[in-house]
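Hello,

Here is the structure for your files. My notes on it follow below.

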Amino acid sequence: MPASFSVGLVGCALACVMALAGGTARADYAGSARLFVNDTYGDGHDRWNTGSYQGSYFFSDAPDAGSTLELRGRGEIVTPWAPSLQEGGDRPYSTLLGFGAFLHRDVGPVETRIGGEIALRGDSTGLPELQARAHRFFDYDGYDPETRDDPHLPDRGVMSLEGEVAHTFVLGGAAMVRPYAEARYGDDTRASLGADIVIGGGQDAPVWTRDVVTGQLMTYDLPKERGFNLGLVLGGDIQRVTGSAHLPDGYGVTLEESQSRVRIGLGATYGDAHIFVGQTRLSRQFEEQSEPQRVGMISIGLGF
């Protein structure tokens, strides 16, 4: 897609989000949601979707106002695996830093999220140096982008539009089921159909967003509950992928157009403190990929 067309689309989307938010964009800060994803506490290999972090910040007039503005920042590190384990070829090294704005609004019984993201891909993000330093600090014998000679994707601005529609079914107060459809268009182009199940604590979340890499549900500060509360989250989706910022043409591997994600997580809250841990199985993302991947997820929050 031409860069000028992408910039125009995403710029228009961001402007529309701000305009539609209206008073919401000027409302009080409501809370934040964060998720760190790493393969070290997944399948234990340093490869492919090796690390990512997403932080979302929410602004709303009130939890029941029906519309919320989300400002999202995120980073991704995507690496090849050892060449000896990938005889059919491997993906290039790639990093990305992105910023997006999204409007959450209830339209009757349907929950919607729409907006856009502008990102920088390439070594200028500074993430290759961060990865190398982290591995040396922790004395971890993992992928070092400064010593490996794998191809790196060049610096480039990448843009995507993103939207989701969902509906929540409450099952007797003990659980909720939330089917959804999501689409991204731009440098990342994909359509997803899936569902999430929340059992126990967390069902009363005022708004839901989603981690880009794993699809994991995320929410800001949950309504305060007395005592210790546990919540189990199950989810999965199938995807049709026709474009990826991390897998452009010309790098020796072929994008896998049919992909899936299956995830499970456990969250615990006590007053203002919370912790969430989970696992996600990512199917093959390119045809030459030798096997699926499992990554770990963690989020920790301490309120005062």
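**Confidence and basis**

This is a predicted model, and the protein chain averages a pLDDT (the predictor's confidence in each residue, from 0 to 100) of 86, with 87% of the residues scoring at least 70. Over residues 1-21 the pLDDT is below 50, and this stretch has 36 contacts in the model beyond near neighbours in sequence, a contact being heavy atoms within 4.5 Å. Where pLDDT is low, the predicted coordinates should not be read in detail.

Residues are numbered from 1 along each chain as its sequence is written. In this predicted model, local features need pLDDT of at least 70 and side-chain atom pairs count only at pLDDT 80 or more, while totals for chains, interfaces and linings use all residues; side-chain values use heavy atoms, leaving out hydrogens and water.

**Overall**

The protein chain has 2 helices and 15 strands, taken as DSSP runs (helices H or I, at least four residues; strands E, at least two) numbered from the N terminus. Of its 304 residues, 48% are buried, meaning under 20% relative accessible area with a 1.4 Å probe, protein chains only.

Regards

Notes
Buried means under 20% relative accessible area, exposed over 50%, partly exposed in between (1.4 Å probe, protein chains only).
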